Structures are given as C-alpha cells and as structure tokens.
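Have the sequence and the 3D view open while you read.

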Amino acid sequence: MMERVTLEPKEIERLIAAHRQNPDDRAAFEDLRAIRLRLAVELGGVSDDDALAAMGGRSGASFNLLIAGPTKDEPPDAKERAAASHLAARAITGAAGPLLGTMLLCRPFDWEALPDPGAVPEKLREPLLRYTLRAPELFMQPGDAERFARFFAPWIVRLADCITSRETAEAWRPLSSAIATLINIIPLYFSAGDLRVAMSARGRILDAALRQAGFALDHPLPPAPGPLAKVRLGILQMQFQHHTETYTALSVFDHLDRNRFDITLFVLGSNQSDIERYCRSRADRFIVLPGDARQQAETIRAAAPDILFIGTNIAAVTHPIVVLACHKLARVQFTSLNSPVTTGIPAMTHYLLGAGPRSREVAQAGYTERLAMIEAPGMCFSKPMRAARSGETSHREAMGIGADATVFISGANFYKVIPELRRTWARMIARVPGSVLVLFPFGPSWSNEYANGPFLRDIYTSFAVEGLDAPRLVVMPPMASPSDIQDLLKVADVYVDSFPYAGATSIIDALEVGLPTIVVDSVQQRFGQAAALLRELGVPELIASDERGYVELAVSLGVDVGRRKRVAEEIREKMKGTPRFLNPRWYAGQIAPRLEQMLLDTA
C-alpha cells in the first residue's frame, strides 16, 4: 500500500498559501515542483490497485492539491519531461499509477497521446476529465495555443462519442453533465483555422447531457407569420449594461421598423441602468426570466417569438444562456460575432456573418448554422450613451512616462496576449528608441479574475531578453469605468492591436480618440474583424498581412512623428463621418431583410 508521501498535504497547503501571498516567491514554487515530481514517480511505480487505494489517503490529498495548484500551467522542465516520458508509455493504456503521475507532471496538451477514455479505470475518469477539460489560465510558451488545439479538439470528439454512442452512453451517463459544464472553448480561439469539429462535438455533449437530465429541448413551433403580420423578434441577453455584448445586440433591434417587427427583450436580470432603460425604450416589452432554467424556456416559448437573437456569447463556457440556446425556442435562433465562432448547438439555425474575403461556400464550411451574410464591415455597435466616468484621469507623469516618449498602447484582453504576441511587442519596443508600451489587459469583458503573476513575469522577462528596462512597460490595473479608457488612450501615440485574435470595440475606442491603430488581417472572423473596421474607415495602410509587416508598420509610425500626426488627423476626420460600424440605422437596413430571409429558410 502506497503512503510514502506522508506529511506533504499540509506542507503543500503551506507552500501554496505562501505562493498566493507572494507570487514572486520562486522558492515556494520550486518546492511545489519538487514535490509533484516525487509524488509522480512514486505513483508511477506501484500497482494499479495500490495507486487507486492511495487516492483515498494522503497521497490522494497531495495529488488533488498539486493538480489544481500554481504549477498546473507550468511546462515540465527537463527532469519532469524525462519522468513523464517514462510514465506516459504505460499511462496511455489506462494504467492507474502512470496515468496519475503523468497528469501531475504534464499539461494535457504536452502528452503525445492521451489514453482511450474507455480504458481508464472508472474511479479515475472524473479526475481525468477535470484535468483534461480545465482551461489553462495562461499560455506560457510560443506554440502553446496550437498544441492545445491539436489536443483539445479530438479529445472532446472522443468524449462526445463516449456520451452519445449506443454502446457506451449508459456507462458515461453519470459524467455527461460534468463534461458539459467543464468544457471551456476560449483557449481554442487563439489557434488557427475554424473550430467546427470541436464545436460540433461540444454541441453533441450539451444536447445529450441536457436530455439525460430531463430537459425538454424539443418543442412544437407555432406557424410562421403571414406576409402581412409583424415578425415577432426576441432578444436574449444575460442583461443590458455598458458592455460589448450590449452594444452589438442593441444594433440588431435599435432601428428596426416597428411596423414590421414586434420586439421582446428577455433577460436573466435587470440592473436599472441607463443603457438598460434605453434598450427597453427600443422594444415592445421587457421580460425578466424566472430563476429556473425550465421555467425560463417555457416563458420564452409562451411569448412565441418567430426569431430569437442570442446576444450573449454561447460559444465559450457553459452558463444559463447556453442551456436556453440548446432548447428549441423559436423557428429561427441565431447569433453573431458576440459568439466569435460557430456554436455547434443543434437548436441554433443561423449565424449572422459579415461578407469578407472568403467565398460564402468556404465560410459556410466553418459553421454548423446556416450563414446569413451582410455587407462589410459585417458588424455594428450601437452606443447611444457613455458610462459615467470615475473622475480619475490618466497622465504620463503619474505613469512614469516622459513627455518625449513614444507611447504604444493596447487594451487587448489578457487572454489575447499569447506568448508570441508578448515577444513581438518586446521586439517592437526595442526598435523604437525611447518608446514605452502601456497595456490595460484586465478588463471585465472576459473575466473577473486573471493569472496576473505569471503573465507579468513572462512579459517583463520578454522585455528583459530584448535589453529593455522595466519602465519601458506599464501595465495598468482594471479601469474603474469603461469611459476611463478613452482618457487613458489619450496619453498614447499609437494603438497596437492583438493578433491573431483581433479587437473590435477596443479598436473603436482607439479610433474615437484619433490614434493610429495597427492591426493584422486574416480570413477568419475573430482574426480579421479589426482589419474590417479599418477598411471600412478607409485607412487600409494600417493593416498588416503578418507579424513582420505589423512590426515594421509600428516602428515606422513610432519613429516618424510627422507621419503619425497626419494619420491621426485623417482618422479623426473620417470618424466624424459616422462609419457604418457605428451607424445602427444603416445596420437596420441590412438586418431587416436578413431576418425575413431566415424565416423563409425555415418555412
């Protein structure tokens, strides 16, 4: 019986607490790594029975602490790779001890091949699922995003097969709900290509798990409206607040002809904000849904929308709106760029996509929904008012930035700033004498919690590798109000977008203050949306085709003050003309016939 790691649970708790209190405490971090290596080797050297029994004792407690601790996203070092390589050969057959040991030492996407889920001892299936489906808080090395995609997409296909195939569905029934809840698609966003295969598998898992839990996903639909009847349009959101998803959803219904459309807003909660009051004024009714998911679905069905637009991201994690989206609630259920990739959900019928460089046939191949195409730029943000400012104002002096410095700035979210981009920015700053990079990556749009410590360590290390001192990088805390962002942007000279995952509303903030804004183009929607905005504005010279062009463009603008000022003035003049991505009246003219066509598609 294995219990050689006798006193380590309390010691591990102490080390984790020390690291949490001081993320720069590398001694505690390295002690944790040493313990996980020792435990992994011990687990890998015992029989299956002993390994399984050990999970109920101190070794199991140590394992559970380490697998969720601060070392979980750390790539294995040379010793750990050697040990993991030895263990993995037996782990892929489902051997309990080697499987547990390899889980300790490696991130899931470090494995050359994961075991067949059916070969894993039943007692270890849930720990394996929690391990493989836990999204990394931060990619640590260049190439991690692609490695993650190569592992994760086929893995959830295998899990979907386990849950839905006639031979194995019953055995996997107890885990289907946990799998559906644990899946997090966000790390896939930063890999190349479309995500239809992975999202289809996720959709199958969600559909099967909800049906097994007794949800009535199917529902007979009322007849389609007659040619003279109003189209009943429903808008489903978490809530309406000063947020990207609200600005995008509002553009869908803000200026629709009320003689042709009857509009109902469905929300999970009311906040009585100014933007919510405006949204209510643009609709016929506002319904706060009850707390129970089944009652929520029945409330929407009772309102009998012909078309339901889901404006909350349902292509990321599992939350209450995702559960509703899996129900048949209307003849047409569609979404758009707030869900940046296909949803894969069987009940979703359409996806609203901007016409881009790909042909319709090529674009359609990346979506499970039927595409409804609109003219470029393919998106619109209705921003009828600004959130109140906090009263705080950003100044170069307070940020430790000299008056003569060239300031690059980016509000790209933490998750978009992958290792490759962190290193690109460091090389860019190194080529512009006296330049500074200001980041504000911790906005609430994606999360309320971020792995700040590892992120800051890595990006400062990237700057140090290029010979840059710490003052050349300024990382700001979260803004007190969304409106404070524009005050911060005014301290800068050039805005640099993230890539491959591009910005959208963050780009608009920069354009509104006249900042030259550098982006990278791509055919994928989530990668090319910033370029679509700049083409629409008429400044295609700010669009790079690749990383090299991006850096060269940044350096050129960074060192040429005259060119920078000319571009800034051009942007300010063109923004005065209300580009189409800020013109919801134009968008209404685009979307109304598409809504009517969607109904014809499903007749």
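At the start of helix α13, a side-chain oxygen of D292 comes to within 3.0 Å of the backbone nitrogen of R294. Helices here are DSSP runs of H or I with at least four residues, strands are E runs of at least two, and both are numbered from the N terminus. Before going on, note that this is a predicted model, where local features need pLDDT of at least 70 and side-chain atom pairs count only at pLDDT 80 or more, while totals for chains, interfaces and linings use all residues. Residues are numbered from 1 along each chain as its sequence is written, and side-chain values use heavy atoms, with hydrogens and water left out.

Back to α13, which covers residues 293-303. Which of its residues are buried (under 20% relative accessible area with a 1.4 Å probe, protein chains only; exposed is over 50%, partly exposed in between)? They are Q296, A297, I300 and R301. These four cover an arc of only 130 degrees around the axis, so they sit on the same side of α13; the arc is taken from the directions from the helix axis to the C-beta atoms. The buried residues of α13 pack against β1 (231-237), β2 (261-267) and α14 (320-325). After α13 comes A304, with a positive phi near 55 degrees.

Now hop over to α5, residues 78-91. Its start has a D77 side-chain oxygen within 3.2 Å of the backbone nitrogen of K79. The helix bends by about 25 degrees at S85, the bend being the angle between axes fitted to the seven residues ending there and the seven starting there. Its buried residues, among them E80 and L87, pack against α2 (26-44) and α6 (96-105).

E80 also has a polar contact of 3.0 Å with the side chain of R36 (a pair of N or O atoms within 3.5 Å; within protein, one must be able to donate a hydrogen and the other to accept it, and residues adjacent in sequence count only if both atoms are side-chain atoms).

| Residue | Relative accessibility |
|---|---|
| E80 | 1% |
| F148 | 2% |
| F151 | 9% |

What about the rings? Phe, Tyr and Trp rings (six-membered ring for Trp) pair if their centres lie within 6.5 Å; planes under 30 degrees apart are stacked, over 60 edge-to-face, and the rest tilted. The count comes to 25 aromatic pairs. F148 and F151 have ring centres 5.8 Å apart and planes at 80 degrees, so this pair is edge-to-face.

Notes:
Expected span 1.5 Å × (residues − 1). Contact = heavy atoms within 4.5 Å.
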